[in-house]
Amino acid sequence: MSLRKKWEAAMGPVDERLVAESNRTYKVGYIVLVIGSLLCCYYGLMLNQVADVTDTPILTAAGAHIFSPSNLLLIVVFIGALIPLIMQMRAGITDVHSRYAEVKTIPWGFVALTSLAIGAGLGFLSTGLRILAEIQIVGVDRVMWFGDIAIGVVYFTLAFIVGMIAFGAFFHAAIKRRITLERDLEE
């Protein structure tokens, strides 16, 4: 049995109404990301043009007071990810599969496994990218291996803790909202 079929068997059938609502929220997030990313790119282009015309290099002390397009892009990505999450919580959606769509209590095992996967991914990614950056900047013989691994462990721990809190809060808010919506429908 393929991994996908095992996943679908464990998660249960998909609720089509929840899929349609989730798709709508993801569409809004996608639009925010695309428009925001284009604006960030255009802002970066304008910064580079003005820097070229005025002979003011941006990546020096003269450009230290400039709001970086990469910082703006981070804000856009955060907002683009947060909007669908808030919209789903307001709709009482936790998941499109029946196993988690109708939960009455927070599924802490699922929350822990998801947080563990996110933490491990961020930990390995942070360690690997730091090592790659150091190899390019200072060479392989001057890579601070233990320091990079320690940073990966710290990022893993932080991501796991934040994931537990965030997913727990997400499930709690969605369950509470779904109960409120169900109560309003009964009246």
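Here are some questions and answers about how features of this predicted model get their labels.

Me: What should I know before we start?
Reply: This is a predicted model, in which local features need pLDDT of at least 70 and side-chain atom pairs count only at pLDDT 80 or more, while totals for chains, interfaces and linings use all residues. Residues are numbered from 1 along each chain as its sequence is written, and side-chain values use heavy atoms, with hydrogens and water left out.

Me: Why is Cys40 called buried?
Reply: Buried means under 20% relative accessible area, exposed means over 50%, and partly exposed is in between (1.4 Å probe, protein chains only). Cys40 has a relative accessible area of 5%, so Cys40 is buried. Cys41 has 57%, so Cys41 is exposed.

Me: How do you know that Cys40 and Cys41 are too far apart for a bond?
Reply: A disulfide is a pair of cysteine sulfur atoms within 2.5 Å. The closest cysteine sulfur to that of Cys40 is in Cys41, 6.9 Å away, so the two are too far apart for a bond. By this rule, the count of disulfides is zero.

Me: What makes the pair Arg24 and Glu21 a salt bridge?
Reply: A salt bridge is a side-chain nitrogen of Lys or Arg within 4 Å of a carboxyl oxygen of Asp or Glu. The closest N and O atoms of Arg24 and Glu21 are 2.8 Å apart, and the pair forms a salt bridge. Both residues lie in helix α2, three residues apart, about one turn of the helix. Helices are DSSP runs (H or I, at least four residues), numbered from the N terminus. Arg24 is partly exposed at 43% relative accessibility, and Glu21 is partly exposed at 21%.

Me: How many salt bridges are there by this rule?
Reply: The count is four. One of them joins Arg130 and Glu134, at 3.9 Å from N to O. Another joins Arg178 and Glu182, with the closest N and O atoms 3.8 Å apart. Arg178 and Glu182 are both in helix α6, four residues apart. Arg178 counts as buried at 8% relative accessibility, whereas Glu182 counts as partly exposed at 33%. Salt bridges with shared partners also join Arg130, Glu134 and Asp148 into one network.

Me: Which residues does Ser22 contact, leaving aside its neighbours within four places in sequence?
Reply: Contact means heavy atoms within 4.5 Å. Ser22 is in contact with Gln88, Ile93 and Val96. Ser22 is found in helix α2 (residues 16-53) and is buried, at 4% relative accessibility.

Me: What makes Ile75 part of a nonpolar patch?
Reply: Patches are made of residues with over 30% relative accessible area and no salt bridge; like charges are joined within 9 Å, and nonpolar side chains (Val, Leu, Ile, Met, Phe, Trp, Tyr) within 5 Å. Ile75 has a relative accessible area of 41% and is partly exposed. The patch, with Phe67, Phe78 and Leu82 among its members, has about 590 Å² of accessible area together. Ile75 itself sits in helix α3 (residues 69-91).

Terms used:
Accessible areas come from the Shrake-Rupley method with a 1.4 Å probe; for residues, only the protein chains shown count as cover. Helices (H or I, at least four residues) and strands (E, at least two) are DSSP runs, numbered from the N terminus.
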